Amino acid sequence: MQAVFFVTTFSLTLLLTLSPTSLHAQEKEISPSRQGELIHLLKQDCGSCHGLTLEGGLGPPLLPTDLSGKPPEWLRDVILDGIPNTAMPPWRPILSENEVAWLVKSMLQGLHNGQ
Amino acid sequence: MANKHRFRFTLGVLLASIVITGITGCSQLDVTDLRGTGDMGIVIERAAGNALVVETSHHTQLFRVEGLGNLSHASVVFSRDERYAYVFGRDGGLSKVDILRGRLVKRVVQGGNSIGGAISQDGRLIAVSNYKPGGVKIFDAETLVMLADIPAVYGHDGERSKVVGLVDAPGQRFVFSLWDAGETWVVDIRDPTNPQIRKFRDIGKFPYDGLITPDGRYYIAGLFGEDGLALLDLWNLDAGVKRILGGYGRGEQALPVYKMPHLEGWAAAGDLLFVPAVGRHEVLVIEQKTWQEVGRIAMHGQPVFVMARPDSRQIWVNFAFPNNDTVQVIDVPSQRIIKTLKPGPAVLHMEFTPRGEQIWISVRDKDLIAIYDTETLRQVKTLPADKPSGIFFTSRAHEIGL
C-alpha cells in the first residue's frame, strides 16, 4: 500500500515536472543532483549485477565498446521493461523514461571510474 | 630505607628488561603485543578496494590494507589458524592478507570475473568460482599457485557457465552450481591436480546461490528462474537432486528482482530453515525433517541476507533496492518480526560476533558500520568505513561452508 502510494506520488511528481517534448529537451529537466543520484544508481544498483564499473557480472558488461552498435531506443526499452525470462528486471517502476534515456546516453559515453 | 628499596626495585626492572631484550633480540616479539585473532575480522571497502582489519572486542579498526583491486561483491574466507584472510575480488583477484600484520602477503589475478571462494576441509586449498571464463580454479593456500582448472562447460557447444554457490564440503570436496546450465557439481579434490567431478543436471533454472548445512550434509541451491530450491544429500549422492518447495509462489506474480538474494550461512534455527523468497517480500520457513514449507513471514522488502544469530533465537534480514535502508529482526519461536531498524541507506551485509551478542551492519551510503546489541536491539557504536560492503569475522574459519 505504502509502496503503491509512493510510486504514484513519484510518477505524479515526474508527470508534473516533465514536459513531453523532444528527447533532448526532456534531458535538460534532470537536475544535477538527480544526475548524481542516477550515476550512483547505475554504479551501485545496476552494478550489483553488471559490476561496479559495469565491467560485467551476472549480467553482461555495459561498457561503451559493448553497447556501441546497439540502438539507444532498444537499450532504453530493455532497461525500462527488462528482458523476460532472464534476471534483467524492468526499471519502469523506479525510473522515468527520460531518466533512462539520460542513463543510456551516459552509458554510451562511459563512466569515469573514481567518479 | 624506602629509597633503598626503590633503588633495588628499579635496578631489578632494569636488569630484567636488559635480559628480555637480550633474549628476544630483533624478533620484535614484545609480549604485550602478542594477540590472538579470534575476535578479528575484515570489512570490505567496496569502491576503494581496501580491506579493513577490525577487532570486535573493543570495536576498533586495526589496519587498512590497500590495493586489493575491484571489490564489488568481494567475499572472504579464513585460514584455519585464523591468521590469513583470502579475499576474492570481482576483477578475478585472489588476495592473501595477513591480518596480524595488516599486510597483503600475495595477490594473483586468476580469472576475469570472480564471485566467490571457499577453503578446503584441510585448509590447504583455496577454490575460486568465476563468472568469466565460467569455472572453478583450485589454488595452494600457502603459495597461491594454481593446481587445477575446472571449466564449467555444459551442453554440446563447449559453452561455459557462470559459477555460483561455491562451498567446501567434508571429504575434501567442493560443491557449486552452474547459473546458465542449471547444474550442481560435486568435486573431490583429494588429489588436487586430478579433481574428480560428479555432475547433477537439470537441477532447475538459474541457480543463484548455494549453501551447505553446518553439519556438511545437505547442499541447497536457490533457484531464480523458477520457484523452489534444489536439494542434494551429500551422504547419498546416488539419490540425486531433489526439488523442494516447488511452486512456493504458485499463481502469484513475482516482483522484479533488483538484487539477487544470497544463501550465505545457514539461517537454521533448530529444525527450521529460513530462506529468502525470490521476487517476494517474504521469508520462507522450511522444516528440515520433511523439507516442507511450514510458514511464510511477510517482510518489508525482498530479502537479500537471511541470517540466524548463532544461538538461533533470532533471524536478521536485510533487503534489496529500493528497500535497502532497513533491517528486520524475526523472533524464531513466534516467527514474528520483533523489530524494524533503519540503519541507513544501502545496508549491504551483516555479521554476528562469534557468540552473537552483537551484529555489525555495513551501511554503504552512510560510509559506516553500525554495531547493534542483539538483545536490546539498540545501536551501540558506529565505525567509519568507505562504502563498506561485506563483513567477515574469523570465527568463519571453523564453520563448514563459510
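Q: What makes R34(A), E37(A) and E99(A) a network?
A: Salt bridges link these residues of chain A. Bear in mind that this is a predicted model.

Q: What makes the meeting of E99(A) and R34(A) a polar contact?
A: Their side chains are joined at 2.5 Å.

Q: Why is E99(A) called buried rather than exposed?
A: Its relative accessibility is 3%. Buried means under 20%, so E99(A) falls in that class.

Q: Where does E99(A) sit, and which residues does it touch?
A: E99(A) is part of helix α6 of chain A. Leaving aside residues up to four places away in sequence, E99(A) touches I30(A), R34(A), L38(A) and I94(A).

Q: What else is chain A made of?
A: Helices: chain A has 6 of them and 0 strands. Read from the N terminus, the order is α-α-α-α-α-α. Of its 115 residues, 43% are buried.

Q: Which residues of helix α5 in chain A are buried, and what do they pack against?
A: In α5, which covers residues 72-81, the buried ones are L75(A), V78(A), I79(A) and L80(A). The buried residues of α5(A) pack against α4 (64-67) and α6 (97-109) of chain A. Just past the end of α5(A) comes G82(A), with a positive phi of about 70°.

Q: How do you know that R64(B) and E45(B) form a salt bridge?
A: Look at the gap: the closest N and O atoms of R64(B) and E45(B) are 2.7 Å apart. The rule asks for a side-chain nitrogen of Lys or Arg within 4 Å of a carboxyl oxygen of Asp or Glu, so this pair of Arg and Glu passes.

Q: Why can that pair be said to tie parts of chain B together?
A: R64(B) belongs to strand β3 (residues 60-65) and E45(B) to strand β1 (residues 40-45), so the bridge ties together parts 19 residues apart in sequence.

Q: Are R64(B) and E45(B) buried or partly exposed?
A: R64(B) has a relative accessible area of 39%, so it lands between the 20% and 50% limits and is partly exposed. E45(B) has 0% relative accessibility, which is under 20%, so it counts as buried.

Q: What makes R124(B) and D122(B) a salt bridge?
A: Their side chains meet at 3.7 Å, N to O. That value is within 4 Å, so the pair counts.

Q: Why do R124(B) and D122(B) get the accessibility labels they have?
A: R124(B) has a relative accessible area of 59%, and over 50% means exposed. D122(B) has 29%, which lies between the limits, so it is partly exposed.

Q: What about D325(B) and K342(B): how do you know that they form a salt bridge?
A: The N to O distance is 3.9 Å. With the limit at within 4 Å, this pair still qualifies. The residues are 17 apart, D325(B) in the loop between β27 (314-319) and β28 (327-331), and K342(B) in the loop between β29 (336-341) and β30 (347-352) of chain B. D325(B), at 27% relative accessibility, is partly exposed, and K342(B), at 49%, is partly exposed too.

Q: How many salt bridges are there over all chains, and how many between chain A and chain B?
A: Over all chains the count is 26. Between chain A and chain B it is 0.

Q: What is chain B built from?
A: Chain B has 1 helix and 34 strands. Of its 402 residues, 57% count as buried.

Q: How do you know that chain A and chain B touch?
A: Contact means heavy atoms within 4.5 Å, and by that rule 23 residues of chain A meet 25 residues of chain B. The area buried between the chains is about 1,900 Å², with carbon and sulfur atoms giving 57% of it. On the chain A side, S48(A), L52(A) and L58(A) supply 30% of the area that chain A buries, more than any other three residues.

Q: What kinds of residue does chain A bring, and how many residue pairs are in polar contact?
A: There are 4 residue pairs in polar contact between the chains, both partners being at pLDDT 80 or more. The side of chain A that touches chain B has 11 nonpolar, 10 polar and 2 charged residues.

Technical notes. Residues are numbered from 1 along each chain as its sequence is written. Chains are lettered from A and ligands numbered from 1 in the order in which they are written. Side-chain values use heavy atoms; hydrogens and water are left out. Buried area is the accessible area (1.4 Å probe) that two parts lose on being put together, summed over both. A polar contact is a pair of N or O atoms within 3.5 Å; within protein, one must be able to donate a hydrogen and the other to accept it, and residues adjacent in sequence count only if both atoms are side-chain atoms. Ala, Val, Leu, Ile, Met, Phe, Trp, Tyr, Cys and Pro count as nonpolar, Asp, Glu, Lys and Arg as charged, and the others, Gly among them, as polar. Helices (H or I, at least four residues) and strands (E, at least two) are DSSP runs, numbered from the N terminus. Buried means under 20% relative accessible area, exposed over 50%, partly exposed in between (1.4 Å probe, protein chains only).
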